Structures are given as C-alpha cells and as structure tokens.
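Hi,

Here is the structure I said I'd pass along.

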Amino acid sequence: MKLNPKCMACQLRKQEAKIRHFDDEDRKKQYMEEIRRRFDQPKEEDCVPSISTELKKFYCSFWGVPMEDFRQINREYDQLMLDLEDDLRSTIRYSEDPLKAALIYARTGNYIDFAALPEVSKETALSLIKSENKDGLDEQEYRNFCQDMKKASNVVYITDNCGEIVLDKLAIQVLKKTFPNIRITALVRGLPAGNDATMEDAEFCGLTDIVPVLGNGSDVGGTWFHGISTHARELLQSADVILAKGQGNYETMHGCGLNIYYLFLCKCDWFQQLFHAKSLQGMFINEKRAPKATAFSSD
C-alpha cells in the first residue's frame, strides 16, 4: 500500500507533536525541514510502517535520545491476555462456530496498538474482549477462507502486537483442529518494532509450543518485503494461504498479489475512509478482493 497525501500529512503531524516539548525553536524548525524533505521525493517502496521506522530512528539520532523500550509493557499485555486464556478457550470451544469465534477474538486483540492509537488502556482492551464480539466476520469472505483452507497445505499466520499474540495462539489452535492436514507457521517481527510481538513474546505466551515460529528479520511494523529476510519472503511466497493481522500488515503487503486474508481493526481516519468503516470496526478481507486505495480520495 503506497504512501498517499493523507498518510504523509498524518506522519508530519505526529512528528511535530513529538518535538513540542523541546525548547530550541531553531532546532525544531531544522528537524521538521529534514522530515519534509524526506517526503518531497518518496521512494517507490515507501509505505507508512517503513517510513515510521525510519523517522523513529532519525528522531532518536537527531535529538540524542534512546529508542523507546516496550519490553515491560509488552510483557504486561501478554500476561493480561494469558490471564484470560482459559476462559476464552472455553468460550470458543462451546461457540456455535469455534473457528469464527476464535478469529473474531484474535481480531479484537488488534486494539493493543500503541503506534496507531493515541491511547491504549488495559481497561478498554478487556472491555472489548468481553463485549461478546458483536462485530462479525464478512460471511462471504469467511466462506472463501474456509474453502481455501480446506485445499491448503502450507499456511502462514502473521502476528501483530503483544497481548494480541495470545489470542492468535487460540486462533491457531482452532485452525489446526479444524484443518488437521495443514502446516501452520507463525511469523513474528524479527527485531523490536514498537509493541509488536517478537520471538520473545511468542515464547512467553507458549506459541512456540504450538507451531513453528519464525522472526521476519525486520524492525518495521508490518511485513515489508523490502526489509524482511530471504527465509521469511520465501515462506510467504510458498504459502497457499496467509492470515495477516493488523493494519501494518495491510499497509506493507497490500498489492503483492499473494492469497492473503487480512484481519484487523480500523484505527485511523484513512482506513475508516478506505473501508467506509467506523473507528475500531473489524475487517476481514482478501488481498485480491480488497478495495484499491487509489480509488478513494485523500481529502
């Protein structure tokens, strides 16, 4: 998904907000001029997650501050969801359609995203999880997904955020039970990327005990083909079905042509406009049938 004017303007606003607390106005002006120049000639491979990672590193270098360390908050949200795991597993097991219920819970966990949302709270996360998942899946897309899964051999499940990965584990367990002949590999971020789940989170929540887990070799908040490892790229290209969690995966992968089912909550104005959705509305869409971003105005 290529950069568009709305996303570029959003990135500029976020950068200006980050430097308001500094006192040196000349230095702040210099910083913003550097940021604007970066957007003057965007690269062909640029997307919001890759740009965000680049700007984060530039901010730390320019202002001489360390990168944010999310390890503690990641562990807290992982544990928060682990505390719900047994109850959710029971609820899913006795649902009319356990697979559908598991996917909806996994999508609801996509709320835990410190990069896309101005504020994330444990109280809201718990409230959303316990709200009986009132937003369903697109029924036609769900049927398409099940049909594709019945024919699949190799499936890749791309995780997104900390905490959310516990709900991904539950979904993967149901997928394995529903489609016993498939091989599922989970893909996590290869390096720290905000509060995105890494191998450390996968091990802590027990996902590595369920399926093979691979780090993608990248610190971009998504699955950016220009930055991931050769191994991760080959894994994706050989998959019959890919289930990709979160906006960042849509932003980095949309347009690649692979058989991807995206599962996420709409967390910004652009996504709400693109999908005619309300804030935090759940989406379940396929790469080949998703709307083209170019067909929508950036106003």
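Before the notes, one definition: a charge sits over a ring if NZ of Lys or CZ of Arg is within 6 Å of the ring centre and within 35 degrees of the ring normal. Also keep in mind that this is a predicted model.

With that in hand, take Arg75: its charged end sits over the ring of Phe204, 3.8 Å from the ring's centre. Arg27 does something along those lines too, lying over the face of Phe62 at 3.7 Å from the ring centre. Phe62 also belongs to a cluster linked by ring pairs, together with Phe22, Tyr31, Phe58, Tyr59 and Trp63.

Now for helix α4, which covers residues 71-82. From first C-alpha to last, its 12 residues reach 16 Å, close to the 16 Å expected at 1.5 Å a residue. Asn74, Tyr77, Asp78, Leu80, Met81 and Leu82 are buried in α4, and the helix's buried residues pack against α5, α7, α9 and α10.

Back to aromatics: searching the whole structure turns up 20 aromatic pairs. One to look up is Phe145 with Tyr261: the ring centres are 5.1 Å apart and the planes are at 75°, so the pair is edge-to-face. This pair links distant parts of the chain, with Phe145 in helix α8 and Tyr261 in strand β5, 116 residues apart. Phe145 is buried at a relative accessible area of 1%, and Tyr261 is buried at 0%. Phe264 and Phe271 make an edge-to-face pair as well, 5.6 Å centre to centre with 90° between the planes, and both are buried.

Cheers

Conventions: Residues are numbered from 1 along each chain as its sequence is written. This is a predicted model: local features need pLDDT of at least 70, side-chain atom pairs count only at pLDDT 80 or more; totals for chains, interfaces and linings use all residues. Side-chain values use heavy atoms; hydrogens and water are left out. Helices (H or I, at least four residues) and strands (E, at least two) are DSSP runs, numbered from the N terminus. The expected span of a helix is 1.5 Å times one less than its number of residues. Buried means under 20% relative accessible area, exposed over 50%, partly exposed in between (1.4 Å probe, protein chains only). Contact means heavy atoms within 4.5 Å. Rings of Phe, Tyr and Trp (its six-membered ring) pair if their centres lie within 6.5 Å; planes under 30 degrees apart count as stacked, over 60 as edge-to-face and the rest as tilted.
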